[in-house]
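This report concerns side-chain contacts in a protein model. Please consult the sequence and the structure shown here while reading.

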Amino acid sequence: MAGDLLLRRVALAHNMGVQPNTLNATTLPAFVDPLPVPPIAKPLGTRASPTTPNVKLPYYRLAAQPLDMKVHRDLKPTRFWSYGGSVPGPTLETRSGEGLLVEWANELPQKHFLPIDYRLHGAERDKPQVRTVAHLHGAKTGPESDGYPEDWIAPGKSALYHYPSQQDATMLWYHDHAMGINRLNIYAGLFGSFFVRDAAEDALHLPSGKYEVPLTLFDRLLTPEAQLYYPVSDKPDAPWVPEAFGDAILVNGKLFPYLDVEPRKYRLRVLNASNGRFYHLAFQNGLGFHQIGADQGLLPAPVALKSVLLAPAERADLVVDFSEHRGEQIVLKNDAFVVMQFRVLPKKVEDNSSLPVALRSVPKIAESQAVKTRVFTLDEYTNLVAEPILLLLNGTYWHQPITEKPVLNTTEIWSFINPTDDSHPIHLHLVRFQILDRQHYARATCPERGRMEGYGAGRRQDGHSHHRSFRRLHRALRLALPHPRARGQRDDAALRSGEFLAVSTASLPSLRHYLVLHRRLSVALGFLAAW
């Protein structure tokens, strides 16, 4: 009951709109379903590389299809949309430098089962209701295979993408990316994991095989009939709401699952695939663990933690040692919410895996090499009754001309300031970055707060003077170094309310890459950085 009340307070605070009589998932018995592990995708053969025709690459085909799947022993099957027949979809695995081809097929029905807001850019009524395009989140790939939001395909069509995998060992994830309905398609279940392996990771002898477990977390609202419910506003012709939260926290597609583990080290590859929820994960008994990796691969050294915070789309690579907890049942929680249970077997076992004190070298991008510093603000616009309806970067729309034009093979520092009331995950495409520093500032002392009020009835307030004010603020701030767990290579970062975030960029990608990135910038807050 406490968890349900907390959820509904959060929903009210975040303007989640009107909810019908949804199922209170916290009343269901916990730990009655074993944790499912998504299958490893198998290639269907080989095909010629698009860049080197005499080289044959593994060929995979993943189709987006309807799926009925039970999320709990006591519930009826829930309707999802899935890639490859499971939610999450099958896990793709490859080795660094060994490319692969994936044909993404749309085999979905013509009508969407979640509420489309036709006012949104990219979701107009002249477009098919059901559209998909797959984005491999965090991948170093060409823009033609990046899953550009407007490169969607309709039911009955497919697209072949090439992933060269020229990057360090890491956990990526694939998900739908279609303009205007992206949130609905991911909520429906169109996502899965992608692992890149390499020799440097192999040499560390980390827990592997059945001792390496992917944990994909995603929260949902369910109707009493156990069907997905996406929250809507109280306006029938304008159902969009800023974000969605649910009290059913699914792990690999199950509600409150359990996992039998041996008393030894395990490697947990955790992904936050939720719409708006941040996860603050900790073991109920206080068991500590080590974070060894983040979005773009291994950290320089393990970081000892008691809890870890994950923003939407963020990944964490964790090593947990259960050797001193034989016979115990250990619960993983997200603050007040139960997530899952680990059942440690009583018999002592041999553990040949290791947790090295050093993992890999992560050279720091030299700030002294930066040829330019750019400042970006998140500008939130509200209607006449103070409801948020639009969020832009530097007041720039999707269709407007390019404003930032960095030069190939240069280093830059990009600074982001968040004057809004919410934390906003920031994600880049095609490239990676390093966090230089973070700093909170007193928003009440700033002449402009970042919330542009009265946006409506044909009026738009100009954000340029607001942007210039924050440039002055940027010059005045004293900055704090990031936590050790944030000092690796990244493709995601949480920009918290009232916070200044600086990232370093180097070897900037080609202009063609940048055009893709910047057009994404103005809508989804992706940003450019170094590979």
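The sections below treat charged pairs, aromatic pairs and charges placed over rings.

## Basis of the model

The model is predicted; local features require pLDDT of at least 70 and side-chain atom pairs count only at pLDDT 80 or more, whereas totals for chains, interfaces and linings use all residues. Residues are numbered from 1 along each chain as its sequence is written, and side-chain values use heavy atoms, with hydrogens and water left out.

## Salt bridges

Side chains of opposite charge can pair when their charged atoms come close. A salt bridge is defined here as a side-chain nitrogen of Lys or Arg within 4 Å of a carboxyl oxygen of Asp or Glu. By this rule there are 25 salt bridges.

One of them joins Lys-235 to Asp-234, with 3.4 Å between the closest N and O atoms. Accessibility is classed by relative accessible area: buried is under 20%, exposed is over 50%, and partly exposed lies in between (1.4 Å probe, protein chains only). Lys-235 is partly exposed because its relative accessibility is 33%, while Asp-234, at 55%, is exposed.

## Charged pairs involving strand E15

Helices (H or I, at least four residues) and strands (E, at least two) are DSSP runs, numbered from the N terminus. Asp-351 and Lys-265 form a salt bridge with an N to O distance of 3.0 Å. This pair links distant parts of the chain, 86 residues apart: Lys-265 lies in strand E15 (residues 265-272), and Asp-351 lies in the loop between strand E22 (337-344) and strand E23 (370-382). Asp-351 has a relative accessible area of 24% and is therefore partly exposed, whereas Lys-265 is buried at 13% relative accessibility.

Arg-267 and Asp-317 also meet in a salt bridge, at 2.6 Å from N to O. Arg-267 belongs to strand E15 and Asp-317 to strand E20 (residues 315-321), so that distant parts of the chain, 50 residues apart, are linked. Arg-267 is buried, at 3% relative accessibility, and Asp-317 is buried with a relative accessible area of 4%. A network of salt bridges links Arg-267 and Asp-317 with Glu-93, Arg-197, Glu-201, Glu-212 and Arg-269.

## Aromatic pairs

A pair of aromatic rings is described by the distance of the centres and the angle of the planes. Rings of Phe, Tyr and Trp (its six-membered ring) pair if their centres lie within 6.5 Å; planes under 30 degrees apart count as stacked, over 60 as edge-to-face and the rest as tilted. The structure holds 18 aromatic pairs. Among them, Tyr-83 and Tyr-174 are edge-to-face because their planes stand at 70°, with ring centres 5.6 Å apart. The two residues are 91 residues apart and link distant parts of the chain, with Tyr-83 in strand E3 (residues 78-83) and Tyr-174 in strand E8 (residues 170-176). Tyr-83 is buried at 2% relative accessibility, and Tyr-174 is buried with a relative accessible area of 0%.

Tyr-163 and Phe-194 are likewise edge-to-face, with centres 6.1 Å apart and planes at 75°. Tyr-163 lies in strand E7 (residues 158-163) and Phe-194 in strand E9 (residues 191-197), 31 residues apart. Both Tyr-163 and Phe-194 are buried. One aromatic cluster is formed by Tyr-211, Tyr-266, Phe-283, Phe-289, Phe-322 and Phe-342.

## Charges over rings

A charge sits over a ring if NZ of Lys or CZ of Arg is within 6 Å of the ring centre and within 35 degrees of the ring normal. Arg-47 places its charged end over the ring of Tyr-59, 3.9 Å from the ring centre. The charged end of Arg-220 lies over the ring of Tyr-187, at 4.5 Å from its centre.
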